[in-house]
Amino acid sequence: MSPIASSSPSRGPAAKALLWAGLLWFLIAAVGQTAFIGFIVAYYGVRTATGNFAGWNDKPLIDGYIAGDDTGNIVFAAHVLLAAVVTLGGLMQLIPAIRRRWPGLHRWTGRTFLVLAIVMALSGVWLALVRGTYLSTISNVAILINAVLILIFAGLAWRHAVARRFEQHRKWAMRTFMVVSGVWFLRVGLMGWIVLNRGPAGLTADMSGLVDSVMTFGSYLIPLAVLELYFVAQRSSGALLKILAAVVVVAAAAYTALGVFGTAAFMWAPYL
Ligand code: HEM
């Protein structure tokens, strides 16, 4: 069953359509995030474990490894390696079978996910503001807002879980998943765009143009908006809104599939 639809009153064809649309999107996203984890382990994991830190820069990065900058390199290493763990944790949290069969595991992966989400946001802010790793002011502002949202949403998901307000917790946990996945969505969004246009139509080298800004701010605002539409449609008793939301989610799934193909084929595979 779709994790997103796990608590929906799934009656009638419109509710079913919404449920299946959610499942379709989640399966595609799970494949793409698993590829992301695989890339991080195979690329950063292997280079870091073998002491080949300069090898981080074998693929295009803004800064990556900088000779002599020990603190920056350590924060970078922690940030990229924990990225694999937080992504895996997020995926595990959304699988209802794990929640139902092993609630103890769900609680521990949940705590780990929320703590790591906070560590990722803070280390990311450090890299951006202290190390100065960013392309343009506007793209930096976009990802800093992403970091702030991670901190707020993770805090709320945690508070509702502790207070045993499970419906609120479920919603904030899913919003946290969306913002933690922001950097993954950004890659998927960019590569989907490039595949669709057969080139970087409108994208600029320093991510400061209009299309870039739609991508950088949209990397978390668009998934959050689709998720809210999904929540509203789930609650609604009208079939029309459910069908509309299902169509939007299927469109999102199709774009995600394009982007997942693009990231795997052009962003990651060439460097493995
Ligand atoms: C919580 C989710 C996040 C994940 C999963 C994540 C993942 C990653 C990964 C995999 C890299 C390596 C870059 C690459 O191979 O393309 C990276 C680098 C980086 N991240 Fe994050 N990140 C997250 C959040 C953030 C946030 C919120 C910020 C900023 C506020 C940030 C700032 C950076 C910076 C500055 C780099 C270095 C880029 C470079 O040197 O080229 N990250 N991140």
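Author: This is a predicted model. We can begin with a pair of helices, H4 and H5, which pack at an angle of about 155°, with their axes 9 Å apart.

Reader: What is the orientation of H4 relative to H5?

Author: Angles over 145 degrees count as roughly antiparallel. H4 is therefore roughly antiparallel to H5. The handedness of a crossing is a separate property, and for H4 and H5 the crossing is left-handed.

Reader: Which residues of H4 and H5 make the contact?

Author: On the H4 side they are Arg111, Leu114, Val115, Ala117, Ile118, Ala121, Leu122, Val125, Ala128 and Leu129. H5 contributes Asn140, Leu144, Ala147, Ile150, Leu151, Ala154, Ala157 and Trp158. Sorted by class, this contact of H4 with H5 holds 16 nonpolar residues, one polar and one charged.

Reader: How do the axes of H1 and H2 cross?

Author: They come within 9 Å of each other and cross at roughly 150°. By the same cut-off of 145 degrees, that makes H1 roughly antiparallel to H2. The crossing of H1 and H2 is left-handed.

Reader: Which residues of H1 and H2 meet?

Author: From H1, the list includes Phe26, Ala30, Phe36, Ile40 and Tyr44. Among their partners in H2 are Phe76, Val80, Leu81 and Leu88. By class, the contact of H1 with H2 has 14 nonpolar and five polar residues, and no charged ones.

Reader: At what angle do H7 and H8 pack?

Author: H7 and H8, the latter spanning residues 210-235, pack at about 130°, with their axes 9 Å apart.

Reader: Which residues of H7 meet H8, and what classes are present?

Author: Gly182, Phe185, Leu186, Gly189, Leu190 and Trp193 in H7 meet Val211, Met215, Thr216, Ser219 and Pro223 in H8. The classes are seven nonpolar, four polar and no charged residues.

Reader: Now the ligand. How many residues surround it, and which are the closest?

Author: The ligand is surrounded by 23 residues, and the closest are Tyr44, Ile62, Gly64, His79 and Arg187. By class, the shell divides into 16 nonpolar, four polar and three charged residues.

Reader: Which helices each supply at least two residues of that shell?

Author: They are H1 (12-49), H2 (70-93), H4 (103-129), H5 (137-162) and H7 (182-197).

Terms used: Residues numbered from 1 in each chain as written. Predicted model: local features only at pLDDT ≥ 70, side-chain atom pairs only at ≥ 80, totals over all residues. Heavy atoms only, no water. Near = heavy atom within 4 Å. Helix = DSSP H or I, 4+ residues; strand = E, 2+ residues; numbered from the N terminus. Nonpolar A, V, L, I, M, F, W, Y, C, P; charged D, E, K, R; others polar. Axes fitted to C-alpha atoms, helices over the stretch in contact; angles between N-to-C directions. Parallel < 35°, antiparallel > 145°, perpendicular 65-115°, else oblique. Left-handed = near helix turned anticlockwise from the far one by under 90°. Contact = heavy atoms within 4.5 Å.
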